Amino acid sequence: MAVARYAHLCDEVWNYGLAGALQDHQDIGHSLTIGTIGKYIPGGFGHGTVPHLSFNAGVGKLISSDFPIHDLENRRKLSETWDVVDMEGYGIAYACQYLQKPFEMHKIVSDFASPGGRELIRTHKAALSERMAQ
């Protein structure tokens with residue numbers, strides 16, 4: 001909603017944010033430039049009705065979910081295709097594409113999309129926020 005509301009004030013949109021790692025080789029603080037974004041619809045509802053969005057800027061694959069992913073079953077399923085998970089990326093990317101705004105998205109790993117994820121985010125959010133600001 002913020003992108004749609006304020007897009008007329010900018011030439012391009014950059015999104016820097018936190019995401020949960022779905023791949024075992026990623027550590028807290030690992031950063032990715034996103035190239036493909038999808039929308040997670042649990043239980044297969046709407047399968048095939050939400051298009052994946054692609055951008056030339058990156059190679060990382062982000063899946064957005066309307067709820068936090070902090071369980072191993074969802075992590076395992078999503079890790080077959082995706083690198084990281086967040087809750088806002090798809091909405092931002094969709095608004096940029098609809099409004100024809102150039103767009104870049106960068107994500108920093110804040111947790112492992114598993115039990116204990118909320119605590120990891122709280123523990124590391126200050127340091128990761130500082131890194132994003134730099």
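The following dialogue examines side-chain contacts in a predicted model.

Biologist: How many aromatic pairs does a search of the whole structure find?

Modeller: The search finds 2 aromatic pairs.

Biologist: Why is the pair of Tyr40 and Phe67 called tilted?

Modeller: The ring centres of Tyr40 and Phe67 are 6.0 Å apart, and rings pair if their centres lie within 6.5 Å. Their planes stand at 55°; planes under 30 degrees apart count as stacked and those over 60 as edge-to-face.

Biologist: Where in the chain do Tyr40 and Phe67 lie?

Modeller: Tyr40 is in the loop between strand 2 (31-39) and strand 3 (53-54), and Phe67 is in the loop between strand 4 (60-64) and helix 2 (72-79). The pair links distant parts of the chain, 27 residues apart.

Biologist: What makes Tyr40 buried or exposed?

Modeller: Tyr40 has 9% relative accessibility, and buried means under 20%, so Tyr40 counts as buried. For Phe67 the relative accessible area is 30%. Exposed requires over 50%, so Phe67 is partly exposed.

Biologist: Why is the pair of Tyr90 and Tyr94 called stacked?

Modeller: The centres of these two rings are 6.3 Å apart and their planes are at 20°. Planes under 30 degrees apart count as stacked, so the pair of Tyr90 and Tyr94 is stacked. Both residues are in helix 3 (residues 89-98), and being 4 residues apart there, they are separated by about one helical turn. Tyr90 is buried, at 9%, whereas Tyr94 is partly exposed, at 43%.

Biologist: How do you know that the charged end of Lys61 sits over the ring of Trp82?

Modeller: The charged end of Lys61 is 5.7 Å from the centre of the Trp82 ring. The distance cut-off is within 6 Å, and the charge must also be within 35 degrees of the ring normal. The contact is counted as a charge sitting over the ring.

Biologist: How many disulfides are there, and what is the nearest cysteine sulfur to Cys10?

Modeller: The count comes to 0 disulfides. For Cys10, the nearest cysteine sulfur is that of Cys96, 7.5 Å away. A disulfide needs sulfur atoms within 2.5 Å, so the sulfurs of Cys96 and Cys10 are too far apart for a bond. Cys10 is partly exposed, at 24%, and Cys96 is buried, with a relative accessible area of 1%.

Biologist: What makes the contact of Lys39 and Asp66 a salt bridge?

Modeller: Their side chains meet at 2.4 Å, N to O, and the cut-off is within 4 Å. Lys39 lies in strand 2 and Asp66 in the loop between strand 4 and helix 2, so the pair ties together parts that are 27 residues apart in sequence. Lys39 is partly exposed, at 22%, and Asp66 is exposed, at 57%. The salt bridges number 6 in the count.

Biologist: How do you know that Asp86 forms a salt bridge with Lys107?

Modeller: The closest N and O atoms of Asp86 and Lys107 are 2.9 Å apart, which meets the requirement of within 4 Å. Asp86 is in strand 5 (residues 84-86) and Lys107 in strand 6 (residues 103-111), 21 residues apart. Both residues are buried.

Biologist: Which residues do salt bridges that share partners join into one network?

Modeller: Glu73, Arg76 and Glu80 are joined in this way. Arg76 is partly exposed, at 43%, and Glu80 is exposed, at 61%.

Conventions. Residues are numbered from 1 along each chain as its sequence is written. This is a predicted model: local features need pLDDT of at least 70, side-chain atom pairs count only at pLDDT 80 or more; totals for chains, interfaces and linings use all residues. Side-chain values use heavy atoms; hydrogens and water are left out. Helices (H or I, at least four residues) and strands (E, at least two) are DSSP runs, numbered from the N terminus. Buried means under 20% relative accessible area, exposed over 50%, partly exposed in between (1.4 Å probe, protein chains only).
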